[in-house]
Amino acid sequence: MKGLKNIMLLVCLFLFCCTDPTISEYEETGTTPDIYPDYIDVTIPVNIAPLNFHLRNCEKQGMLYLEGNNQTLKIFSDHSKFSIASGAWRKLLLANKGKEISLTVFTKEKTRWKKYQSFSIKIATDPIDPVIVYRLIEPGYELWEKMGIYQRNLENFKETAIYENKMTDYNCVNCHSFCMQNPDKMLLHLRGDYGGTILLNDGNMEKLDTKTDSTISSFVYPAWHPSGKYIAFSVNNIAQSFYLNNKNRLEVFDSKSDLVMYDIQKREVFSSPLLSSANRLETFPGFSPDGKKLYFCSAKSFPVPQKSDSVKYSLCSVSFDINNRIFGQSVDTVYNARNFDKSVSFPRISPDGNFLLFTTSGYGTFPIWHKDADLSLYNLKEEKIVDMQPVNSNESESYHSWSSNSRWIVFSSRRDDGLYTRLYIAHLASDGRVGKAFMLPQKDSGFYNDFLKSYNIPEFATAEVHLDSYSIARQAKFEKGESINYVKTEGFHSGNQKY
């Protein structure tokens, strides 16, 4: 009998959602709905999971209409929390690829419906890479225990762990990186008692001991050469300061930093005087898609932390001869941030080679806690800055990466509450026009209200990563790590620096 009642209830709900005889009588509110997350007028990929949302501060009965290309979906909710069926959502997006769908929200007060102004979502023709990889960590960094590297399938809501630090006594795990979004070419660092770099290269996994007598530290910030033969790294002496009475709660700064290049096959590391000068700080490497140019950030060295706010990094580049392992004779300044009283971090070049995305803030090398940190986009062909207002906010925008087709970016932002970094995605048209950013969708639209971790270092991948966590833990615990050799390669130029 109980089962029969449940069936009858489902039938009633189905008939209500499909026929809906009373919804034709409503009162116009004249306003757009206040929804969370904010998906109003965004541009999304055709292969994204449903954009579930709810009305803020509203637990009334609600109805959502999604309309496009002669198709209509109706979603009923008792508490104005709308969850869209994946299959119906996918069909709607495919039928409206390159077009827009219209969304209309109704709420019921007592016996009368109220209608909000409709809003649109544009469905881009450009697909998005199906996977994002990120680290989850407590937002303060000074106190943490559990952290890990995770991957999320963007076409649904599946999240899986690639590696969790509970397997190696809760050490620090960071700086995961891919070669051209390839899940089979990946690295990550382990710090602490089981320190080392784990390198995954086409099915082969090894642990590297990356500290040498000729470098100031183990490898830190990575950038794969597009060929997969080399990886550029920064080596940094890093310190942190935590503030009680400062809008920027945490400051990380380098007292020294250089850039080096690692030859994967030969297990050799080399550099150039242009990338390891005594009076400058070089960090955050990034390659052009053809591999012939290395971009990086460079700043004049100042005593830190006393003069941390005087350290302003500019965006620079130097040529690289892949066959002879030789850097160019001069360093060129692509964007002189000091002219704008800014500092540059995280330069990332689009795979098509047309755009360079980076973070700007008032000073320093750690914009993650800088409230003034914004994303900036440089058109390499036209040599001009692109308007990024649609993706920036009054809170920190920091780390970012490109999709393999250069049409999507993912970045971390604190705009939601000023404390936790969440992931946002934005579309970039081929002419450089940027769409409004939208938050990474979750199955439960209230997920972020209860989730007490920050998303860190989002990276696109063209497929899921298949990495054996137990093999990583075994190598970390029981292997010292393969040693690497620092070599002085013939043909290095002392060069000129044009800052």
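How do the residues of the lining of the largest cavity divide into nonpolar, polar and charged? They divide into six nonpolar, three polar and two charged.

This is a predicted model, in which local features need pLDDT of at least 70 and side-chain atom pairs count only at pLDDT 80 or more, while totals for chains, interfaces and linings use all residues. Residues are numbered from 1 along each chain as its sequence is written, and side-chain values use heavy atoms, without hydrogens and water.

A cavity is a set of points on a 1 Å grid over the protein atoms alone where a 1.4 Å probe fits but cannot get out, and its lining residues have an atom within 4 Å of a point. The count is one cavity of 30 Å³ or more. The largest cavity holds about 60 Å³ of space, and its lining includes E251, F253, D254 and Y313.

A disulfide is a pair of cysteine sulfur atoms within 2.5 Å. The count of disulfides is zero.

| Cysteine | Nearest cysteine sulfur | Distance |
|---|---|---|
| C172 | C175 | 8.1 Å |
| C316 | C297 | 7.8 Å |

Buried means under 20% relative accessible area (1.4 Å probe, protein chains only). C172 counts as buried because its relative accessibility is 18%, and C316 counts as buried at 0%.

Q151 lies in strand 12, residues 148–153, a strand being a DSSP run (E, at least two residues) numbered from the N terminus. Q151 is also buried, with a relative accessible area of 5%. A polar atom of the Q151 side chain lies 2.7 Å from the backbone nitrogen of V465.

Note on methods. Buried means under 20% relative accessible area, exposed over 50%, partly exposed in between (1.4 Å probe, protein chains only). On a 1 Å grid over the protein atoms alone, a cavity is a set of points where a 1.4 Å probe fits but cannot get out, and a pocket is an open set with protein on both sides within 12 Å along at least five of seven lines; lining residues have an atom within 4 Å of a point. Grid points are joined across faces, edges and corners, and a volume is the space filled by probe spheres set on the points. Ala, Val, Leu, Ile, Met, Phe, Trp, Tyr, Cys and Pro count as nonpolar, Asp, Glu, Lys and Arg as charged, and the others, Gly among them, as polar. Helices (H or I, at least four residues) and strands (E, at least two) are DSSP runs, numbered from the N terminus. A polar contact is a pair of N or O atoms within 3.5 Å; within protein, one must be able to donate a hydrogen and the other to accept it, and residues adjacent in sequence count only if both atoms are side-chain atoms.
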